[in-house]
Amino acid sequence: MVLDLEQLPLPLDVLPFRYERGLQLSGSDLWLDPHSRRPVAYVSHGHSDHCLPHGHALATPATAEFYRLRTKRSGVTEVPFGRAHRAADQEIELFPAGHVLGASQVLATSPDGRRLVYTGDFKLRQAPCLDAAEVRECDVLVMECTFGHSRYRFPNIDEIDAQLRAFVDSCFEQDVIPVVMGYILGKSQEALCLLTRAGYAVAAHESIVRVCEVYERQGVEFGPYESLSLASVEALRGKVVLAPPHLRRQVTAPLTRYRTVMLTGWAVDPSARYRYGVHEMIALSDHADFTELLEYVDRAKPRVVYTVHGDDAFSKYLRKQGVEAYHLEN
Ligand SMILES: [Zn+2]
């Protein structure tokens, strides 16, 4: 833990949480996004690193569905956005994080009225087919800062949309199959929204289709798309293939003429193209970029900020700006 206890702005006995591979709220047995199994845990969203099989989980209805799918456990209390929930002496409220379907942030208010916000993974840029993230004023802010260096500035969704169309159109002009790759939960659905809205025919890998079906059950509507079949490559002509990056070789093996694009915030680092083994990259991310992290702190007006994920660069930057900030290492 990169946290100098001598420097803490609040004495440890009044710090509103304990940190040990996740946050445990003081005065409660509730853990927030713990990285190991806990008896009772709030799960911020459905990405696999957050969905551990806990004794009992607390999550939004959509996240609960992903949690049950991933862990095969049914012990989940579903708390919709904006509804008050009590956990021991803490008043809990979940509100949208704009990260993936169902992703939430949590506001915990202690009996003395002190407000703690834990963001989980979030982004402020509006994503297609998701509720926009909200920001709540708080005393203590615990925020993720995956992209906490100033070089990470992501295009808005209109620019991403234009880049994606340009990629697909140039593939069709060259008579090659465009293969768009994004993680199965989140970016694939954002891409599917953009591609179907633009009128392209899309063939999505079955692992992505399964997640799309959860989106649809939760009320999200996509344009028409089909499940990817590699049995007839000829049948894929004129269609966009949507596939997860870990299946790149398997999906592209039967395609003789194709071009790949990876959707990731790491596209800002040019060398990432070689790491992913793709032809092109587009900086579509489901995380906040550097400017959004700053905007968040500005709007939340916390007395103290603790950062998780990424490294300590963002907390150092905040301290230079006169904001009390510390990094909690995972
Ligand atoms: Zn995530």
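Where is Arg125 found? In this predicted model, in which local features need pLDDT of at least 70, side-chain atom pairs count only at pLDDT 80 or more, and totals for chains, interfaces and linings use all residues, Arg125 is found in the loop between strand E10 (115–118) and strand E11 (140–144). Residues are numbered from 1 along each chain as its sequence is written, and side-chain values use heavy atoms, with hydrogens and water left out. Strands (E, at least two residues) and helices (H or I, at least four residues) are DSSP runs numbered from the N terminus.

Arg125 is buried, with a relative accessible area of 16%, where buried means under 20%, exposed over 50% and partly exposed in between, for a 1.4 Å probe and protein chains only. Its side chain makes a polar contact with the side chain of Glu292 at 2.4 Å, and a polar atom of the Arg125 side chain lies 2.7 Å from the backbone oxygen of Ser285. A polar contact is a pair of N or O atoms within 3.5 Å; within protein, one must be able to donate a hydrogen and the other to accept it, and residues adjacent in sequence count only if both atoms are side-chain atoms.

The zinc ion has as its protein donors His45 (NE2), His47 (ND1), His99 (NE2) and Asp121 (OD), lying 2.2 to 2.3 Å from the ion; donors are N, O and S atoms within 2.8 Å of the metal (3.2 Å for Na, K and Ca), and because water is not among the atoms, sites may look incomplete. His47, in the loop between strand E4 (40–42) and strand E5 (56–59), and His99, in the loop between strand E8 (90–96) and strand E9 (104–109), are 52 residues apart and link distant parts of the chain. His47 is buried, with a relative accessible area of 15%, and His99 is buried at 0%.

Elsewhere, six strands form an open sheet with parallel pairing, in the order E14-E13-E15-E12-E16-E17, two strands being paired if DSSP finds at least two bridges between them. The edge strands, E14 (226–227) and E17 (280–282), each pair on one side only. Four bridges join E13 (residues 201–204) to E15 (residues 239–243), and the bridge partner of Ala201 in E15 is Lys239.
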